[in-house]
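Opening the notebook on this one.

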Amino acid sequence: MKKIVVFTGAGVSAESGLGTFRDSDGLWENYRVEDVCTHEAWLRNPELCVEFYNARRRDTLAAQPNAAHLAITRLQQAYPTLEIITQNIDNLHERAGSKNITHLHGEITKLRSERDELATVELQGWEQHYGDRHPDGSLLRPYIVFFGEGVPYFSKACEIASTADIFIVIGTSLVVYPAASLLHYTKADAKIYVVDPGQPDLSGFNDVEHIKEKASVGVPMLVDRLLLNK
Ligand code: APR
């Protein structure tokens, strides 16, 4: 059985109502990364970071998986070894019923110890109260990989990418590293599909099929094709 790896970015959740980062009116047009998503920001104004991610958590919990998330689950049911690597902090792949998901940039439904990047706890509901502490005694912060911090699951993601016969990229501008470099870890003969209405940075990749559609249209279409040719 062919091994399929799906690599997603904010675009897969755009039609669920969660804004992307770099499209017009994206999150980073309305907030400054330096104010809410760096370690310095956390040290300077942790309350603002907590407030920003509380809002993201509220939006995530109110959102529903869309046709793209559901189509990926359908594909995984036919290819149980399928793995998902996501840059997204939302839980819409999980709520669509997908399994084997590696989150590169953290998970909004969890908090982590300030001391240990992998010591996470589940948060019930949308609201983190600033000042709450982890069982290890340190301050709890959102479980988000801030800009400038290491990406703890990146080497695991590279290993997963290197096993793919089919690598499907959905809704990412491919500008944030190291995540964007995952494509370079695929096998030379892996078949790469990209579903994105925009123009992600695919320089250096010749044999890529770019399906220039929104995720809710392009992903079900691609999944139908792959299932037909299984
Ligand atoms: N369907 C599919 N793709 C879409 C859709 C849609 N409906 N709408 C927009 N897109 C595409 C855009 O064309 C763009 O290529 O989604 C991509 C969004 O790019 P970014 O906003 O840069 O998001 P992403 O690549 O996921 O960002 C990477 O940056 O800020 C950090 O940590 C954050 O994980 C995030 C990382």
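**Entry 1: salt bridges**

I started with Arg 32 and Glu 34, whose side chains meet in a salt bridge at 3.4 Å, N to O. By salt bridge I mean a side-chain nitrogen of Lys or Arg within 4 Å of a carboxyl oxygen of Asp or Glu. Arg 32 is partly exposed, with a relative accessible area of 48%, and Glu 34 is partly exposed at 40%. My scale for that: buried is under 20% relative accessible area, exposed is over 50%, and partly exposed is in between (1.4 Å probe, protein chains only). I also noted that Arg 32, Glu 34 and Asp 35 are linked in a network of salt bridges.

A note on the model before going on: it is predicted, so local features need pLDDT of at least 70 and side-chain atom pairs count only at pLDDT 80 or more, while totals for chains, interfaces and linings use all residues. Residues are numbered from 1 along each chain as its sequence is written, and side-chain values use heavy atoms, with hydrogens and water left out.

How many salt bridges are there by this rule? The count comes to nine. Glu 83 and Lys 3 make one of them, with the closest N and O atoms 2.6 Å apart. This pair links distant parts of the chain, since Glu 83 sits in strand β2 and Lys 3 in the segment before β1, 80 residues apart. Helices (H or I, at least four residues) and strands (E, at least two) are DSSP runs, numbered from the N terminus. Buried or exposed, this pair? Both Glu 83 and Lys 3 are buried.

Next I looked at Arg 56 and Asp 59, a salt bridge with the closest N and O atoms 3.6 Å apart. Both lie in helix α5 (residues 46-62), three residues apart, about one turn of the helix. An α-helix has 3.6 residues a turn, so residues three or four places apart point the same way. Arg 56 counts as buried at 14% relative accessibility, whereas Asp 59 is partly exposed at 37%.

**Entry 2: the two domains**

The chain is divided into domain 1 (1-17 + 65-105 + 151-230) and domain 2 (19-62 + 108-144); the bounds come from an automatic or database domain assignment. Their C-alpha centres lie 25 Å apart. The contact (heavy atoms within 4.5 Å) takes 14 residues from domain 1 and 13 residues from domain 2.

I get about 1000 Å² buried between them, with carbon and sulfur atoms giving 64%. That area is the accessible area (1.4 Å probe) that two parts lose on being put together, summed over both. In domain 1, Ala 10, Ile 89 and Pro 152 lose the most area to domain 2, together 40% of what that side buries. I found zero salt bridges between domain 1 and domain 2.

Where does Asn 88 lie? Asn 88 is in the loop between β2 (83-86) and α7 (92-95), and it counts as buried at 6% relative accessibility. Leaving out residues up to four places away in sequence, its contacts include Thr 8, Ala 10 and His 103. The Asn 88 side chain reaches the backbone oxygen of Gly 9 at 3.0 Å.

Last stop was helix α8 (residues 154-162), where Phe 154, Ala 157, Cys 158, Ile 160 and Ala 161 are buried. Seen down the axis of α8, these fall within an arc of 165°, so they line one face of the helix. The arc is that of the directions from the helix axis to the C-beta atoms. Their cover includes β1 (4-8), β2, β3 (101-103) and β7 (166-170).

Key:
A polar contact is a pair of N or O atoms within 3.5 Å; within protein, one must be able to donate a hydrogen and the other to accept it, and residues adjacent in sequence count only if both atoms are side-chain atoms.
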